[in-house]
Amino acid sequence: MGTLPFFAYAFAFLFLPAGQVLVGAFKGEHGGFTFSNITGLFHQPYIGAFQNSIELSGVTALAGGVFGVLIAYAAIRDGTPRWIRSMLTTFSGVAANFGGIPLAFAFIATLGSIGIVTKFLLNQLHYNIYLHGFSLFTKTGVEIVYLYFQLPLMILVISPAIDGLKREWREAAANLGARPIQFWRYVGVPVLMPSILGAIILLFGNAFAAYATAYSLGYSNLITVTLGAYYQGNVLSNPHFAQAMALGMFAVLALMMAIYIPLLRRAQRWAK
Amino acid sequence: MRLRMPRMAPSAYIWLFLGFAYFFIPLLATFLFSLDKNSTGKCCTLHSYGWVIHNPGFWHTLKVSFLLALETIAISLALFVPTVYWVHLKVPKLRPVLAFMALIPFVVPPIVLVVGLLDVYRGTPAWFYAKPWGFLVVAYVILAFPYMFFSLDAGFRSIDVHTLTEASHSLGASWVTTLLKVILPNIRAAALAGSFLALAIVMGEFTIANLSQFYTFPIFLQYVNETQAYPAAALTLMSFGITWAAMLSLLFIGRKRGQRAAFLTGAR
Amino acid sequence: MAYLELQGLVRDFGTVKALDGIEISLGEGEFLSLLGPSGCGKTTALRLVAGFDRPDAGRIVVDGKDVTRVAPNKRDMGMVFQAYSLFPNMSARQNVEFGLRIRGKERGDRRKRVDDLLELVGLAAAGDRYPYQLSGGMQQRVALARALAIEPRVLLLDEPLSALDAKVRVQLREEIRRIQLELGITTLYVTHDQEEALSVSDHVAVMYRGRIEQMGAPAEMYSAPATPFVAEFIGTMNRLEGTVVDPSTGAVETGGVTLIVEAAKAKPRGARVLVLIRPETVEVAAANGAGANTMTGEVLTHTFLGPVTRLRITSSGASLIADMPTARAAALPPGSKVDAALPAAEARLLDLTDEPLPEIAEEPAPVGR
């Protein structure tokens, strides 16, 4: 069959490595089957890294989700000039790809200890954010940075769904006596909800799998960075333990996928 | 003819302004930072940009990453175009399978993929394992696959594959000729869209390159970040500019052919 | 006493003047159709009445009260849209009771009313289905029930049948009329389908380029069109350009033939006129020596329309359409020489101005969104 080269390639370079990792998680250091790698995950700093990753991903997914919808809707709704929406779409396409190393530095230049905004607040408003407990290199700081690629992703993903809100529904609701907020409560938000939830899950996975940004910021309390550090680190470290970490990641992401796919279907059904 | 209500909602102003501020301020800050003098930290000089342009590492890694991107695009197209074509033409039942597979890289993120690849292919000859042109590209093709697939799939859905193929065959063309001379030109916009996305992804990919210890453009970026603050700002902006250029090309192509490209995320 | 009044409505979009002084006066319980081709302004007018747009000039008065400045959700009107207006996340039943919920009606009362309405539109069994599970016709019935649930003062329908299949359209329009008569609700109906408008309305207003060309009872619109546009838009009409040669006899020179037309007696000698003749009033027979008021010519084509066949006849340069029962038409195949007798009494005359005659396609295509 003509699809053979593709499946062969996918097998060799996707399934095989992935399988190797998942299976290897159960191998002992000197061969044999063991759960010790898995149980090892439940110790610090690994369990902390997992929890932190999940929390950070959740926060940026929700924040990105909520603000993304609000911004996207502001750009799409009646009354806003068309060019604003085009600009937003184009910019979001770029910003969603502007992650990792350059993004991390952009924020260091902005909110780092000698960042432009930090200095501005210090010199013009006499407010030292670092003295007040803020630091770019904490969880909050990293969350602010993550938002830079989470927001655009949300905007791109949710815009088609917002387009799908037919004008007739709003007019029919008004005609039947509903105020705008009643429309949103009874029709608008319920119809958008599957798409919004699906998009938030996408954002969660996106944040959870992210590595470069946090690495560049020197923030290590994330499972991706921890995994990378472990792998690159000590020559004596147990490769199977690294694989167990990967398995843990895979489990979280697979769970997200399992929730995402039915949501996607529900959203498509109501789009008719 | 239906016209919009002329007035823009007040809440729309607020959200759009907040969004604009959040996106613009870091870029502005980076720009201002890049103009600061190295020693005093005050404005204004183009010294940092000069540093970048005169740095051999910059050109070397830029070239490497760019060539990697081209290689990735070439292999991706060679692998995915015939596959998607075949599926659309002969085995449409496999399409959902392909679509599902396009979601798998979502579940197997780069950090996991690289660990697996390094393990499985450890024993392979040096020309593959120790060179970016082998190992890295192989991984990058996998990374680019979802975006390539969704682009190509949309492209193939917008043309009548059966009619074109049958017409071509009836005029005596072989499979290869049909693919190259008939099909490819008709999905050009989709293929280009996928290619530019792949370009953006490869030019920004850090995770796999870092763990497999290859010296690519993002690796160079990180090195500069760690060692030279002000040039790092200049470099950051230039890197942003490269992504912009890729995306604008995408938009331009999309506008020309009237197809909408899918913008999704790359390096994180 | 007029229940719904549109007074001097003007709506100018800058690039196009959609409405140019619309005056309508509708009594309570009456059914008025706004009929016209796409772009004539009928939907704009309806949307002004509903409150989704504000007129640049003019007033809308309901039951004596000026509602021009009132928000759409306070006008107490029920609207049925062309398509897609049912809320997708609610069942048919929930859709219908939406207006009642907003008004804070008790659950028990709501349930009863919804049941009654679903019964009225013939969907008692489909209450729990969702819009995507309903056919187009069923969706529009639900939309109608939903609009009626709130007991509106005025019912507005914006081409509700355009998106449906032909057979469903005919069925549904009769049901809409039946329900409207039963409830006695004042209704404004927008359509581009003249057959639809003529069959269900008390009054028809034909609109063209933002103005009302003519308004009246369906029969009147059909038999006595007041302008060339109305003549052309409603039904099919033969239009013959001619000149009045002798008002005393009512002689009109047209197509190389002199016709006697009653209405020409009121016109001055030399007046340029348009003679309007309905195809079904033309008597066609095999050529037999010309009689009075007869054009002799040749059958060009037959168009089979089911019970009736439409003959196109050429006669010294002029073209004539005649409708006759299919059985008889078989005797006069294309190529036959025929006499076409034109009725003196039933022909209408319109003054011919220098304004170009509007061109309308035989079958106006359905207006999409």
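**Reading the sheet and the chain contacts**

Q: In what order do the five strands of the open sheet in chain C lie?

A: Strands are DSSP runs of E of at least two residues, helices are runs of H or I of at least four, and both are numbered from the N terminus. Two strands pair if DSSP finds at least two bridges between them. In chain C, the order of the open sheet is β15-β19-β16-β17-β18, with antiparallel pairing. The edges are held by β15 (283–286) and β18 (318–325) of chain C, each with a single partner strand, so one side of each has no neighbour in the sheet. From one strand to the next, the twist averages 45 degrees; axes are lines fitted to C-alpha atoms, for helices over the stretch in contact, and angles run from 0 to 180 degrees between N-to-C directions.

Q: On what basis are the numbering and the values given?

A: Residues are numbered from 1 along each chain as its sequence is written, and chains are lettered from A and ligands numbered from 1 in the order in which they are written. The model is predicted, local features need pLDDT of at least 70, side-chain atom pairs count only at pLDDT 80 or more, and totals for chains, interfaces and linings use all residues, while side-chain values use heavy atoms, with hydrogens and water left out.

Q: How many bridges join β16 to β17 of chain C, and how many join β17 to β18?

A: Six bridges link β16(C) (residues 294–304) to β17(C), antiparallel to one another. Within β17(C), C:Arg312 is opposite C:Thr301. These two strands make a hairpin with three residues between them, and C:Gly306 in the turn has a positive phi of about 100 degrees. Eight bridges connect β17(C) (residues 308–315) with β18(C), again antiparallel, and C:Ser315 has C:Ala318 as its bridge partner. That hairpin has two residues between its strands, and C:Ser316 in the turn has a positive phi of about 35 degrees.

Q: How many residues of chain B and chain A are in contact?

A: Contact means heavy atoms within 4.5 Å. By this criterion, 84 residues of chain B touch 84 residues of chain A. About 7700 Å² is buried between the two chains, 76% of it on carbon and sulfur atoms; buried area is the accessible area (1.4 Å probe) that two parts lose on being put together, summed over both.

Q: Which residues form the salt bridge between chain B and chain A?

A: Side chains of opposite charge can pair when their charged atoms come close. A salt bridge is a side-chain nitrogen of Lys or Arg within 4 Å of a carboxyl oxygen of Asp or Glu. One is counted between chain B and chain A: A:Lys119 pairs with B:Asp36, their closest N and O atoms being 4.0 Å apart. Helix α1 of chain B (residues 10–34) supplies the largest share of the side of chain B that touches chain A, 14 residues.

Q: Where in chain A do A:Glu143 and A:Lys139 lie relative to one another?

A: Their side chains meet in a salt bridge (3.9 Å, N to O). A:Glu143 and A:Lys139 are about one helical turn apart, because four residues separate them in helix α7 (residues 139–163) of chain A. Over all chains, the count is 31 salt bridges.
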